[in-house]
Amino acid sequence: MNANPTNTFVFDLDGAMVIVVARYDMETTEQRVREKFGEAFLERHRFEVLGHIHYLFPGYFALLRWLHEHGVSLAFFSSGVEERNVPLVEQIMRRAFSDQTEPPPYRVFSRRHCIDTDQLGRLQREEKERYQPCFFGNLKKKLAGVVVPEEALNDTLLIDDDESYMVRGEEYNFVGLRYAYCYTVDDVNTDTFAVFHSAFYVSGLADAMFKLCATEGIRLTTAARRLQYDAEGAELSEAFRFPSRYRESYYLVGRDMLRQVEPDIDFCWPLPVPFESPFACMPKW
Ligand SMILES: [Mg+2]
């Protein structure tokens, strides 16, 4: 038992927090971001690392600050190479905490920290399957023993848009985001809203989790399971697709939370009405 738990949020980068723009698309994307959201937004959310342009989704600067103010330890885990991940996260953290000389401590984990189950080929099948939950994937982001000590696993969440990185035994440490392929889209619907405003969702969900932990004396992972599964009447299965990310209340509460650190923050376009999951008609989703 961890006597003095610190909650740790581990953020995926690509598809969750940022989108890398292909070289052939750089000028078009820049022009579209400028037209849709303005020059100041473009300047603030655009990062160049190793010659590649990355766009950060809105709300993440405020989310990182808000989590830090709630005593959360920040970490980042991307299967991208360390040479890209480390300078990208440093730029994001410096911009998020630009009023301070140095950002708070954080850690970055990269491809070399992933478990490559393909390399377990020589071992028994059972050994390989030990890492696979119901979502198959070759590369795995293991939290216990890699990001945090075993005893801190119940206070640790991986916020990621790709559940194939999930390790068996860490299913309920996973906060599922909808994956994003590109930064700007023309369609305005619940799905595109959810993709672009994932920081607001994480903030709303985190607020609900922190309240559950405080009122019921439970650990972070138990709260994440209650809200993402039990409250949705859902169970872990191959068909599970994190229905809570289509609850508008999380985005609205999240916006209120983020306004505690950035008073004028808002959605980049209005909440779609009705706010309906694109998977609502599918059983179990
Ligand atoms: Mg990703």
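What spacing do the donors of the magnesium ion follow along the chain? They follow D-x1-D-x146-D, where donors are N, O and S atoms within 2.8 Å of the metal (3.2 Å for Na, K and Ca), and sites may look incomplete since water is not among the atoms.

A word on the model: it is predicted, with local features needing pLDDT of at least 70 and side-chain atom pairs pLDDT 80 or more, while totals for chains, interfaces and linings use all residues. Residues are numbered from 1 along each chain as its sequence is written, and side-chain values use heavy atoms, without hydrogens and water.

**The metal site**

D12 (OD), D14 (O) and D161 (OD) coordinate the magnesium ion at 2.1 Å. D12 and D161 sit 149 residues apart, linking distant parts of the chain.

Strands (E, at least two residues) and helices (H or I, at least four) are DSSP runs, numbered from the N terminus.

**The sheet**

β1 and β9 also belong to an open sheet of five strands, ordered β6-β5-β1-β9-β10 with parallel pairing; two strands pair if DSSP finds at least two bridges between them. β6 (106-109) and β10 each have a single partner strand, so one side of each is left without a neighbour in the sheet. β1 is joined to β5 (residues 73-77) by four bridges, and T8 has S73 as its bridge partner in β5.
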